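We will go stop by stop.

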Amino acid sequence: MKARITMLVGGALALAAMPAAAETPLERGTYLMQGPAACGNCHTPITPQGLPIEGQELSGRLVEDNEFFTAYAPNITPDTETGIGGWTDEQIITAIREGKRPDGSIIGPPMPMGLYRGISDSDAKAIVAYLRSVPPVKNEVPKSTYRIPLPPAYGPPVGEVADVTPGVTAEYGAYLAGPVAHCIECHTPMGERGPDFENRLGAGGFEFHGPWGVSVTSNLTPHEDGLAGRSDEDIAKMITTGTRPDGTPMLPPMGYNYYANMSPEDVKAIIAYLRTLPPQPTPQ
Ligand code: HEC
Ligand code: HEC
């Protein structure tokens, strides 16, 4: 999981440190998609070692096969036959934020629909600009099957979502760790209706089964079970390298090789936010 993804648009990383206004939507979208948003962590085919396959970016793959569903992340390249090349910008944004396709069908898990409702209008447009820029790949991905009922909708239409001002603040960190990167989706234990954000936000303990065996998400709250004893530097290193301070590699499916492209400021903002979470023991 160490390889870095190739930057398609030179300079986007350097620009990411500058105020958002200095970036074009494509530069912002490139940064988000190859960094914190990491949509490719589900939508890009991977090698048996878990690395993104070159030339197949965002062309879809099987992401999860469990008792509740067999979920394929679709081809979201601009290919008109097997991808989303025929969709309008509005239709793509509705799919991302509201979980609804142009034909009215509902997008199922594990796409983190609840959180994506909070992606700002300008970031949603930036993501679309990036999706339009990747090479179209012809790849027919099977349809997912759900053995659980999907909701008729994830909520009312999203409407307008304002930007959160970028900066090394807990507020911007909350936006990144929530709507953009869905860190808290993986790192919160499941309640009856999805992750229990209300009572156990960031407490960890959620299991992933895969070719690697079982991985369990860590507690990210300032509790002694969580990040209380970790320095900011150690936390930053774990997020961006997927290596623990003692040198042991961390397990999938966290998108370490995307987070490697995050700006140091954005990593600091996320850590500032994690430090504000209510301390929680890890669920047993
Ligand atoms: C945790 C895995 C996961 C992540 C992360 C994820 N997706 Fe998805 N996405 C899926 C799955 C699975 C589906 C299909 C679900 C189904 O079949 O109903 C999907 C469906 C879609 C669709 C509908 C495509 C179609 O043809 O039906 C779009 C568009 C999409 N995702 C875009 C994105 C974008 C943009 C991001 C990042 C902001 C993203 N996804 C992040 C798993 C993911
Ligand atoms: C797809 C699920 C998933 C997402 C998204 C995710 N993580 Fe993780 N994370 C994991 C898993 C699983 C582990 C445990 C890996 C292991 O035990 O080797 C982990 C471990 C960690 C650790 C190590 C903590 C410790 O002390 O052991 C940190 C820090 C962390 N994640 C932060 C983040 C942040 C910040 C984000 C968002 C930018 C994020 N994670 C997104 C699944 C995820």
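This is a predicted model: local features need pLDDT of at least 70, side-chain atom pairs count only at pLDDT 80 or more; totals for chains, interfaces and linings use all residues.

Stop 1: Show it as a cartoon. Look for an open sheet of three strands, in the order 1-2-3, with antiparallel pairing. Now select residues 61-65 and 145-146. These are strand 1 and strand 3, and they stand at the edges. Each has a single partner strand, so one side of each is left without a neighbour in the sheet. What holds such strands side by side? Strands of a sheet pair through backbone hydrogen bonds, either parallel or antiparallel.

How many bridges join strand 1 to strand 2? There are four, and the two strands run antiparallel. Pick out one of them: select R61, then find its bridge partner in strand 2, A73.

**Stop 2: ligand 1.** Keep strand 2 selected and show ligand 1. Strand 2 gives the largest share of the shell around this ligand, three residues.

Now show side chains. There are 25 residues around ligand 1, and C39, C42, H43, R101 and M111 come nearest. What is the shell made of: how many nonpolar, polar and charged residues? The count is 20 nonpolar, four polar and one charged.

- From H43, a polar side-chain atom lies 2.9 Å from a nitrogen atom of ligand 1.
- From R101, a polar side-chain atom lies 2.4 Å from an oxygen atom of ligand 1.

**Stop 3: the iron of ligand 2.** Centre on the iron atom of ligand 2. Which residues coordinate it? Select H187 and M254: the donor atoms are NE2 of H187 and SD of M254, at 2.1 Å. Turn the view around the iron. The site is octahedral, with angles of 87 to 179 degrees among its six donor atoms.

Now zoom out and trace the chain from each residue. H187 sits in the loop between helix 8 (183-186) and strand 4 (190-191). M254 sits in the loop between helix 10 (232-241) and helix 11 (256-259). The pair therefore ties together parts that are 67 residues apart in sequence.

Is H187 buried or exposed? H187 is buried, with a relative accessible area of 10%. M254 is partly exposed, at 22%.

Note on methods. Residues are numbered from 1 along each chain as its sequence is written. Chains are lettered from A and ligands numbered from 1 in the order in which they are written. Side-chain values use heavy atoms; hydrogens and water are left out. A residue is near a molecule or strand if one of its heavy atoms lies within 4 Å of it. A polar contact is a pair of N or O atoms within 3.5 Å; within protein, one must be able to donate a hydrogen and the other to accept it, and residues adjacent in sequence count only if both atoms are side-chain atoms. Ala, Val, Leu, Ile, Met, Phe, Trp, Tyr, Cys and Pro count as nonpolar, Asp, Glu, Lys and Arg as charged, and the others, Gly among them, as polar. Two strands pair if DSSP finds at least two bridges between them. Donors are N, O and S atoms within 2.8 Å of the metal (3.2 Å for Na, K and Ca); water is not among the atoms, so sites may look incomplete. Four donors count as tetrahedral if all angles lie between 85 and 135 degrees; four count as square planar and six as octahedral if opposite donors are over 155 degrees apart and all others between 65 and 115; anything else is irregular. Buried means under 20% relative accessible area, exposed over 50%, partly exposed in between (1.4 Å probe, protein chains only).
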